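Work through the exercises below with the model open beside you. Try each task before you read its solution.

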Amino acid sequence: MSDIYWVLAVGIITVCLVFWLIRYARRVDRLHRRVIQARITLDKRLRDRRVAVETLITRASANDDEVDALRTALDTARHVSDEQSESTLSRTLRQYRTHPRCVLNEDQHMASQLQSTADELRAARRFYNQEVEQVRRIRSRIVVRIFHLAGRAELPRTFDMDDRY
């Protein structure tokens with residue numbers, strides 16, 4: 001083969017490699033966008049739960065220690081909104097549900113609303129964590145690291161909290 005054929009072969013292989021890398025980088029970018037959307041959904045579900053707990057607190061008796069603990073956990077979750085404060089809110093809510101003067105014993109609509117909010121939160125958190133694991137898996141591949149296909153995007157982390165209702 002002459003030199004022109006070698007140059008042409010190397011050029012075609014290089015172009016194919018570049019297009020493949022661009023396609024791979026777009027896939028990584030698309031996965032990062034899905035993580036962002038999943039996080040937005042998770043944050044919305046956390047806000048929905050806080051609103052439902054706030055409604056529960058307004059319907060409960062004001063001089064109850066369990067309600068005060070729930071109010072404190074809710075305020076902390078509003079201001080900090082991390083895994084620990086959300087887990088504390090979940091645990092406090094579970095404790096309140098076992099309290100004999102719990103409003104949920106009488107108000108089935110409120111109980112079902114809190115249950116559906118908890119189910120939606122659990123689903124959103126699981127979906128978000130699955131998306132994060134998928135991004136972490138693809139970003140651990142050698143081709144992504146060598147060619148820096150993730151750009152400057154921060155490596156997402158899972159949101160691990162106690163979400164039992």
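Axes are lines fitted to C-alpha atoms, for helices over the stretch in contact, and angles run from 0 to 180 degrees between N-to-C directions. Helices (H or I, at least four residues) are DSSP runs, numbered from the N terminus. This is a predicted model: local features need pLDDT of at least 70, side-chain atom pairs count only at pLDDT 80 or more, and totals for chains, interfaces and linings use all residues. Residues are numbered from 1 along each chain as its sequence is written, and side-chain values use heavy atoms, with hydrogens and water left out.

**Exercise 1. Describe how α1 and α4 run relative to each other.**

Step 1. Take the axes. Those of α1 and α4 come within 8 Å and cross at roughly 160°.

Step 2. Apply the cut-offs. Angles under 35 degrees count as roughly parallel, over 145 as roughly antiparallel, 65 to 115 as roughly perpendicular and the rest as oblique. α1 and α4 are therefore roughly antiparallel.

Step 3. Find the hand. A crossing is left-handed if the near helix is turned anticlockwise from the far one by less than a right angle, and right-handed if clockwise. For α1 and α4 the crossing is left-handed.

Step 4. Sort the contact by class. Ala, Val, Leu, Ile, Met, Phe, Trp, Tyr, Cys and Pro count as nonpolar, Asp, Glu, Lys and Arg as charged, and the others, Gly among them, as polar. The contact of α1 with α4 has 19 nonpolar, 5 polar and 11 charged residues.

**Exercise 2. Describe how α2 packs on α3.**

Step 1. Helix α2 covers residues 65-79. Its axis lies 9 Å from that of α3, at an angle of about 160°. That makes α2 roughly antiparallel to α3.

Step 2. The crossing of α2 past α3 is left-handed.

Step 3. List partners. Contact means heavy atoms within 4.5 Å. On the α2 side, the residues include Leu70, Ala73 and Leu74. On the α3 side, they include Leu89, Thr92 and Leu93.

Step 4. By class, this contact of α2 with α3 has 9 nonpolar, 5 polar and 2 charged residues.

**Exercise 3. Which residues of α1 meet α3?**

Step 1. Helix α1 spans residues 3-59. The axes of α1 and α3 come within 12 Å and cross at roughly 35°. This crossing is left-handed too.

Step 2. Leu46, Arg49, Arg50, Val53 and Leu56 in α1 do the meeting. Their partners in α3 are Glu86, Leu89, Ser90, Leu93 and Tyr96.

Step 3. The contact of α1 with α3 holds 6 nonpolar, 1 polar and 3 charged residues.

**Exercise 4. What lines the largest cavity?**

Step 1. Know the terms. On a 1 Å grid over the protein atoms alone, a cavity is a set of points where a 1.4 Å probe fits but cannot get out, and a pocket is an open set with protein on both sides within 12 Å along at least five of seven lines; lining residues have an atom within 4 Å of a point. Grid points are joined across faces, edges and corners, and a volume is the space filled by probe spheres set on the points.

Step 2. A search of the whole structure finds 1 cavity of 30 Å³ or more. The largest cavity has a volume of about 50 Å³.

Step 3. Its lining is Arg49, Ser90, Leu93, Arg94, Ala118, Leu121, Asp163, Arg164 and Tyr165. The elements giving two or more residues are α3 (83-97) and α4 (108-139).

Step 4. The lining divides into 4 nonpolar, 1 polar and 4 charged residues.

**Exercise 5. Which residues does Arg94 contact, leaving aside neighbours within four places in sequence?**

Step 1. Arg94 is found in helix α3.

Step 2. Arg94 is in contact with Asp162, Arg164 and Tyr165.
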